[in-house]
Amino acid sequence: MAFDYINALLKKEVSRTPIWVMRQAGRYLPEYRATRKRAGDFLTLCKSSDLACEVTLQPLERFDLDAAILFSDILTIPDAMGLGLHFVEGEGPKFSKPLNTLSDIDHLYKPDVGSELAYVSDAVSVIKSNLNGKVPLIGFTGSPWTLATYMVEGGTSKAFSKVKGLLYENPKHMHKLLDVLADTIIDYLNSQIEAGADSLMIFDTWGGLLNKNSYENFSLRYMSKIVDGIHRTYEGKRIPVTLFTKGGAAWLEQIAATGCDGVGLDWTIEIGDAQRRIGSKVSLQGNLDPSVLYASPEVIISEAHKVLDQFKGKTGHVFNLGHGITPDVNPDSMKVLVDAVHSYTK
């Protein structure tokens, strides 16, 4: 079955510009909040294949989206490594056993994805079955650098002083940590493909913290390793992979050179500029400012058209926000956006 989302990433013919939205299954939807309440807590929601399937499908029941994305969390891998992931209301993710010492990194182990993260591939299988060919399913992971920031900091951070201090003071240990993460992620993403994922996203949320040299050596190097290690075709089907570095506009050429199929863009670069720089090599995903969804329907439509008008050509663009949809957006605004993209590009 031909899907516009897959075809756009592979630069094949599409019937319209496809759209999906980062965090499209989430807190802005009242039905999601109800399911999470029923689950009791966020990790239980992630670890139940039936509940993960339920929330993955919720936005598709409301909106004419061109892809579903697995409902999970980027921190499932550090959790499987025994760091004690938990979520604090109003503060986000925390680790009860962060990597406080070099010895902690030395003793870090590569988990058996097939057993310790089986709940993720189980969720992929259940979702894929329930989609029944309606739209493709995106699997995903956080980048090694992004996962490392949480593991060393113990959670979210403003200064990122611990992880950046490790990078400069003990680069050998930083590379050791990133290597074990990259090796685990390769197994993790391949398990998602084998369970039915049609495409992959690697979210490098914190790559933009780094200077050029550090980005290339401690972030992009390991995403490139993952691109080389995952199934690029599976059971005769091409599996496109998209890399997204928030704040990564300065390094688009280097990202495109990894061999990925798509490059995600945040809202700090115009998509026309990105297309002129790397559009001959890769497809582009993005990149409306998420805050536009707080505006009136007329403004949402106008701003969506501006992004679409900048992209030249009939394929190679997957419309998305420049980052995740925010929790207090009105779901009606999301519908306005999806319908605006489709009606303008048919």
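Leucine 10 is placed in the loop between helix 1 (4-9) and helix 2 (30-39), where helices are DSSP runs of H or I with at least four residues and strands are runs of E with at least two, both numbered from the N terminus. The structure is a predicted model, in which local features need pLDDT of at least 70 and side-chain atom pairs count only at pLDDT 80 or more, whereas totals for chains, interfaces and linings use all residues. Residues are numbered from 1 along each chain as its sequence is written, and side-chain values use heavy atoms, with hydrogens and water left out.

With a relative accessible area of 24%, leucine 10 is partly exposed; buried denotes under 20% relative accessible area, exposed over 50%, and partly exposed the range in between (1.4 Å probe, protein chains only). Its C-alpha atom is separated by 9.4 Å from that of isoleucine 239, a residue 229 positions away along the chain. When neighbours within four places in sequence are left aside, leucine 10 is in contact (heavy atoms within 4.5 Å) with Arg238, Pro240, Asp261 and Ser283.

The loop between helix 1 and helix 2 also holds lysine 11 and arginine 23. Lysine 11 has a positive phi of about 60° although it is not a glycine, and arginine 23 likewise has a positive phi, of about 65°, without being a glycine. Most residues other than glycine have a negative phi, and most peptide bonds are trans. Lysine 11 counts as partly exposed because its relative accessibility is 34%, while arginine 23, at 53%, counts as exposed. A cis peptide bond, with omega of about -5°, joins glycine 286 and asparagine 287. Asparagine 287 belongs to the loop between strand 10 (283-285) and helix 15 (297-310).

Threonine 76 is found in helix 5 (residues 76-80) and is buried, with a relative accessible area of 3%. Apart from neighbours within four places in sequence, threonine 76 is in contact with Leu117, Tyr119, Val120 and Tyr188.

Overall, the protein contains 16 helices and eleven strands. Its radius of gyration is 19 Å, close to the 20 Å that the globule rule gives for 346 residues, so the protein is as compact as a globular protein of that length; the radius is taken over C-alpha atoms, and the rule is 2.2 Å times the number of residues to the power 0.38. Along the principal axes, the C-alpha atoms fill a box of roughly 55 × 45 × 45 Å. Of the 346 residues, 59% count as buried. Among contacts with a separation of 6 or more, 72% are accounted for by residues 24 or more positions apart.

The accessible surface comes to about 14,000 Å², of which 49% belongs to carbon and sulfur atoms; areas come from the Shrake-Rupley method with a 1.4 Å probe, and for residues only the protein chains shown count as cover. The protein has 36 positive and 41 negative side chains, and the centres of the two sets lie 2 Å apart. Lys and Arg count as positive and Asp and Glu as negative, with His and the chain ends not counted; each charge is placed at NZ of Lys, CZ of Arg, CG of Asp or CD of Glu.
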